[in-house]
Amino acid sequence: MLAWPPARRSVRAMPANDDWISRLPTEVAAHVRDLAKFADFPRHLAKFARVYRDNKDANRPVALVLAERAWHLAPADSVVRRDTAWFLRGRVPAWHFGIINDPDRNAIYEAALRRHVRPGMIVFEVGTGTGILAMLAARAGAGHVYTCEREPLIAAVARDNIARNGLADRITVLEMNSHDVALGTDLPQRADLFVSELVDNNLLGEHTLAITRDVRTRLLAPDAIILPDQIEMRCTLVGGPAWTRGFRAGTACGFDVSALDRLGPAQLVADQALAPDLAAEATVFHFDFNVEREFATEEKTLSLAATRAGEADAVLSWIWLRFGAGLEYDNRPPKPSCWAPQLHVLPRTVAVAAGDAVAIRAKHNTKSVRLWLA
């Protein structure tokens, strides 16, 4: 496995005596030292990391170390980027780019921070990302912003962005999990405002309830503002060929191929360009951070009323956020958004007439939401 040779040698060899190499398993360290004799060492190291990972599942932890080192040595090299993409995407999902390039998302947060931040406020954030929300809070007049980011690669990007915009003296990036932030040490005093973007496509997947509860209890002033202050999942019924391309087979070339349906996905991303028109919308779960302090598992039945005759094939869900009275955001199709509406597939097509109600069960365990036909 470790004997595959690089194609060529160069007189411009790189040093192989880095401490990180000595911490590798003996056989791997020996091979890396041999690779380090080549001028294009980062490329060889990146390829070796990928091949070593693919050879055995147990190799993955060491392969991650190799890939990260290769990426740090030559992050602009296209070959290194290609061969370490598996490592980088595992640490930094590509949705970061969709989020920062969503003007509606950025605008609602900017409006909320302009409304609620007062001069001299201490602001705390969880989930720094690019640093955009922290910078918006500073620009809105915060005295100091403390923002928490657990991924070192992202934290480094945020610090760079913050420095590029001349705000390094007013924003502190804490490279840690929010539950490890110590009041009086990492955060000098209780914060006056907490801002976050801890919702995902299914609302609760980024532990927003647990994190908000912990931050409120340990790190916020009693009258602190929480943004967003209310969140919820909304839903409706959808159906028909435009919606079912991803999970109903039906017929093709005159043949019945619907046997494939039993292998279809239970949930998938919805087409954001389609506007639902089969049923009235309903609230699945609602959370008010101004009122609620504890969050427990909840299960209930929803009655979704059809507004016209048709075929119900899935429940379409989307998220809704409030940032104080009058400031709301949602990603109900056909509105474009960095958050993707979801289709919760019904096991069979349900024919409905106008006024018919379809019973849907909904459950959340504070970390995720599930919807299914009752």
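A polar contact is a pair of N or O atoms within 3.5 Å, where within protein one atom must be able to donate a hydrogen and the other to accept it. The legends below describe close-up views of a predicted model.

View 1. His116 belongs to helix α8, which spans residues 103-116. A polar atom of the His116 side chain lies 3.0 Å from the backbone oxygen of Phe323. With residues up to four places away in sequence left out, His116 touches Met121, Leu193, Ile225, Leu227, Phe323 and Gly324. The relative accessible area of His116 is 15%, below the 20% cut-off, and the residue is therefore classed as buried.

**View 2. The open five-stranded sheet.** The strands follow the order β3-β2-β1-β4-β5 and pair in parallel. Because β3 (171-174) and β5 (220-227) each have a single partner strand, they form the edges, and one side of each is left without a neighbour in the sheet. From one strand to the next, the twist averages 20°.

**View 3. Pairing of β2 with β3.** Strand β2 comprises residues 144-148 and is joined to β3 by four bridges in the parallel sense. Cys148 stands opposite Leu174, a residue of β3.

**View 4. Helices α9 and α11 against the strands.** Helix α9 (residues 132-139) lies across β1 (122-126), β2, β3 and β4 (191-196), and its direction makes an angle of about 170° with β2. Helix α11 (residues 208-219) lies across β1, β4 and β5, running at about 150° to β5.

Conventions:
Residues numbered from 1 in each chain as written. Predicted model: local features only at pLDDT ≥ 70, side-chain atom pairs only at ≥ 80, totals over all residues. Heavy atoms only, no water. Pairing = 2+ DSSP bridges. Helix = DSSP H or I, 4+ residues; strand = E, 2+ residues; numbered from the N terminus. Axes fitted to C-alpha atoms, helices over the stretch in contact; angles between N-to-C directions. Contact = heavy atoms within 4.5 Å. Buried < 20%, exposed > 50% of the residue type's maximum accessible area, 1.4 Å probe, protein only.
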